[in-house]
Amino acid sequence: MWYHKPAINEELLQSLPNLKVVASSGVGIDHLDLKLLSSYGVKVANNPFVVTTDTADLGMALMLASSRRVVEGHEMAVSPDTEYFPADWLGVEVSGATLGIVGMGAIGYKVAERAKAFEMKILYHNRNQRKKEEESAVGAVYCKKIDDLLQQSDFVLLAVNLTPQTHKLIGKRELELMKPTATLINISRGLVVDQDALVEALQNKVIKAAALDVTYPEPLPRDHPLLKLKNVIITPHIGSATTKTRWIMMEEMAESIEAGLAGLPIPREVL
């Protein structure tokens, strides 16, 4: 499977009685009905580790691009209507700012490692607190309640899996808890955020900006209000999109398929 295609539903499973394994690109499995697949005796594999570094890099890139208004700046610099650069055209600082990471798994922790180099104060909210030595290594402070993180952070970065518990985790209430100067960054799944509430928050300056690698649907309808806002950056779900990583992902998927067909233990099997 690549970009959730083909759709694995009961009709497809019934038409493929010899199907043994589904290898899905990336780490997310929210698009798969694992119980349905298991009922047909089909095993599932994904790429849970190889995407970590690239996705963390993109999270930092989105934070920097949004805070320093890189996309707007490029448009100004190349516009045929530009006669001068305004002196009051300003961004906000990343170095020394407070970053709140929601979801301190492999990707979230990689983001924290990068943010430490920017001398950021790092807060995080996670189902489980990290080990003290892991916290100390990046200078991260655990927030048991997500509300505490939202209220204190200049940047809120989402790096959680999409589950029933994280579906629309960030809605109207959560956005209103954030600082009016804060930026929301989403490198997880679009449905982790209530997009209607986000549009309203951005339009009414409840928060300053958003930088999104994921939306729902993907791509957004061309008349979607998020596409018209100057304080939004959207990239086309490219967290793992580097040549090396995509090559490794393909190799891992092929390896999982070969193992499944041979009746061997499947590397990176989703249990």
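I call a residue buried under 20% relative accessible area, exposed over 50% and partly exposed in between, with a 1.4 Å probe and protein chains only. This is a predicted model, in which local features need pLDDT of at least 70 and side-chain atom pairs count only at pLDDT 80 or more, while totals for chains, interfaces and linings use all residues. Residues are numbered from 1 along each chain as its sequence is written, and side-chain values use heavy atoms, with hydrogens and water left out.

Entry, helix α5. I took helices (H or I, at least four residues) and strands (E, at least two) as DSSP runs numbered from the N terminus. I noted I107, G108, Y109, V111, A112 and A115 as buried.

Entry, salt bridges. I counted 13 salt bridges, each a side-chain nitrogen of Lys or Arg within 4 Å of a carboxyl oxygen of Asp or Glu. I found D154 paired with K179, their closest N and O atoms 2.9 Å apart; the two lie 25 residues apart, D154 in the loop between α7 and β6 and K179 in the loop between α8 and β7. K179 counts as partly exposed because its relative accessibility is 25%.

I also found E176 bridged to K172 at 3.0 Å between the closest N and O atoms; being four residues apart in α8, they are separated by about one helical turn.
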